[in-house]
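Dear colleague,

I am passing on the structure we spoke about, placed just below, and after it you will find what came out of going through it. Please read the notes with the model open beside them.

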Amino acid sequence: MTGLYVVKRRHIGDDNIIPMINIVFLLLIFFMIAGQIKNPVNGDIELPRTPLGSSTEPTQVTLELDRQHHLFLNREPVEQQQLDEKLGALLMGNDDVSLIVDRQVRAAELDKVLAVFRKLGVANLTLYSQSGE
């Protein structure tokens, strides 16, 4: 005659560790994807907002224009009159430029900078903005 045997399972403390490991792993992946390490923008520049959250790779030539209309070429101050010559020397076949402009800069001031880009034949211009409303 066969009998039915009931075996009680011993409680092992490792059962609670697996979900915790999964959560820690997911948090690690989240912060690796969400956290980006890049040079901070000049503190005097407030970026315009855009509803799209697309991200681009930074270029080697960066031009910043703050609300007082001061220009910084790769973090070095540059005068508007010298921009053509200094930017041309930096490009040397590389036509990718990142442009960081304060949101309070008027279009007339920005057009002066864009005219230099047109004159130098810059083909790829990345304009930075801040994602949000």
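How are H2 and H3 oriented to each other? They are oblique to each other, a class that takes the angles left over once those under 35 degrees are called roughly parallel, those over 145 roughly antiparallel and those from 65 to 115 roughly perpendicular. Before the details, please note that this is a predicted model, in which local features need pLDDT of at least 70 and side-chain atom pairs count only at pLDDT 80 or more, while totals for chains, interfaces and linings use all residues. Residues are numbered from 1 along each chain as its sequence is written, and side-chain values use heavy atoms, with hydrogens and water left out.

The protein has 3 helices and 7 strands, these being DSSP runs numbered from the N terminus (helices H or I of at least four residues, strands E of at least two). From the N terminus on, their order is α-β-β-β-β-α-β-α-β-β. Of the 133 residues, 23% count as buried, where buried means under 20% relative accessible area, exposed over 50% and partly exposed in between, with a 1.4 Å probe and protein chains only.

To return to the helix pair, the axes of H2 (residues 80-91) and H3 (residues 107-120) come within 10 Å and cross at roughly 40°; axes here are lines fitted to C-alpha atoms over the stretch in contact, with angles running from 0 to 180 degrees between N-to-C directions. The contact (heavy atoms within 4.5 Å) involves, among others, Leu83, Leu87 and Leu91 of H2 and Val113, Val116 and Phe117 of H3.

Leucine 114 also lies in helix H3, and it is partly exposed, with a relative accessible area of 24%. Leaving aside residues up to four places away in sequence, leucine 114 touches Leu99 and Leu125; its C-alpha atom is separated by 9.7 Å from that of leucine 99, which is 15 residues away along the chain.

Phenylalanine 72 is found in strand E3 (residues 71-73) and, at 17% relative accessibility, counts as buried. By contrast, phenylalanine 31 counts as exposed at 54%.

A search of the whole structure finds 1 aromatic pair, for which ring centres of Phe, Tyr and Trp (its six-membered ring) must lie within 6.5 Å, with planes under 30 degrees apart called stacked, over 60 edge-to-face and the rest tilted. The rings of phenylalanine 30 and phenylalanine 31 have centres 5.1 Å apart and planes at 75°, so the pair is edge-to-face.
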